[in-house]
Amino acid sequence: MAWQGMAAEFLQVPAVTRTYTTACVLTTAAVLEFLSPFQLYFNPHLVFRKLQVWRLVTNFLFFGPLGFSFFFNMLFVFRYCRLLEEGSFRGRTADFVFMFLFGGVLMILLGLLGSLFFLGQALTAMLVYVWSRRSPRVRVNFFGLLTFQAPFLPWALMGFSMLLGNSILVDLLGIVVGHIYYFLEDVFPNQPGGKRLLLTPGFLSLASDDQSTWFIPGSSPARGLLQPATGCRVHR
């Protein structure tokens with residue numbers, strides 16, 4: 001019965017959040033069993049010369065070995081990916097997938113300049129940044145230590161990452177890409193003479209059924225938006 005309840009709860013999670021989170025967990029499990037991180041990291045030479053094109057995807061799925069850093073990242077990936085998908089991207093699955101693709105491509109191009117090999121943490125920072133800019137009045141309680149407005153959250157996460165001994169370059173990359181997306185999608189189209197430049201390709205719209213309901217009948221689509229997050233609590 002417990003497993004059935006967990007499965008039902010998991011199926012209530014929106015499709016993109018469910019797929020990406022599951023892929024990250026399965027990739028880490030695969031590394032524990034039979035894969036090596038050296039088979040997953042982004043390497044332009046291996047991608048374009050050896051045609052190991054899977055590295056363009058797998059570098060976004062591996063967050064390191066099991067430990068505090070992995071679970072910390074998974075919590076934030078799951079929460080803020082879900083908040084976006086159930087919030088500003090509700091009913092816009094194709095647009096949400098396109099945001100992932102746009103951010104991923106831009107991170108890879110910019111990551112070449114800094115020789116960055118795993119970009120999952122940068123993608124997390126991008127998700128948090130976009131959510132925070134679209135929720136400027138939301139107050140966030142950070143691990144019970146600090147309370148501040150949502151737009152400060154990406155910077156708090158970057159500082160926390162630095163305290164853990166991680167390079168802030170990956171977080172900074174995610175913030176930069178998140179800002180570029182936010183500016184092109186939310187700011188520039190509302191300026192005099194501006195227009196929307198990020199147009200979702202038609203094939204994504206055809207591949208996703210934006211009119212479908214992602215939730216189990218009887219569940220609330222807004223469920224989770226106001227639930228306290230582990231380590232980071234949201235107040236309205």
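In which helix do Arg82 and Glu86 both lie, and how many residues apart are they? Both belong to helix α5 (residues 68-86), 4 residues apart, about one turn of the helix; helices here are DSSP runs of H or I with at least four residues, numbered from the N terminus. The model is predicted, so local features need pLDDT of at least 70 and side-chain atom pairs pLDDT 80 or more, whereas totals for chains, interfaces and linings use all residues. Residues are numbered from 1 along each chain as its sequence is written, and side-chain values use heavy atoms, without hydrogens and water.

Side chains of opposite charge can pair when their charged atoms come close. A salt bridge is defined as a side-chain nitrogen of Lys or Arg within 4 Å of a carboxyl oxygen of Asp or Glu. By this rule there are 5 salt bridges. One of them joins Arg82 and Glu86, at 2.8 Å from N to O. Arg82 is buried at 10% relative accessibility, and Glu86 is buried at 4%; buried means under 20% relative accessible area, exposed over 50%, and partly exposed in between (1.4 Å probe, protein chains only).

Helix α9 also takes part in such pairs. Glu185 meets Arg92 in a salt bridge of 3.7 Å, N to O. Because Glu185 lies in helix α9 and Arg92 in the loop between α5 and α6, the pair ties together parts 93 residues apart in sequence. Arg92, Asp95, Glu185 and Arg196 are linked in a network of salt bridges.

Arg134 forms a salt bridge with Asp186, with the closest N and O atoms 2.7 Å apart. Arg134 lies in helix α7 (residues 120-134) and Asp186 in helix α9, so this pair connects parts 52 residues apart in sequence.

Notes
Helix = DSSP H or I, 4+ residues; strand = E, 2+ residues; numbered from the N terminus.
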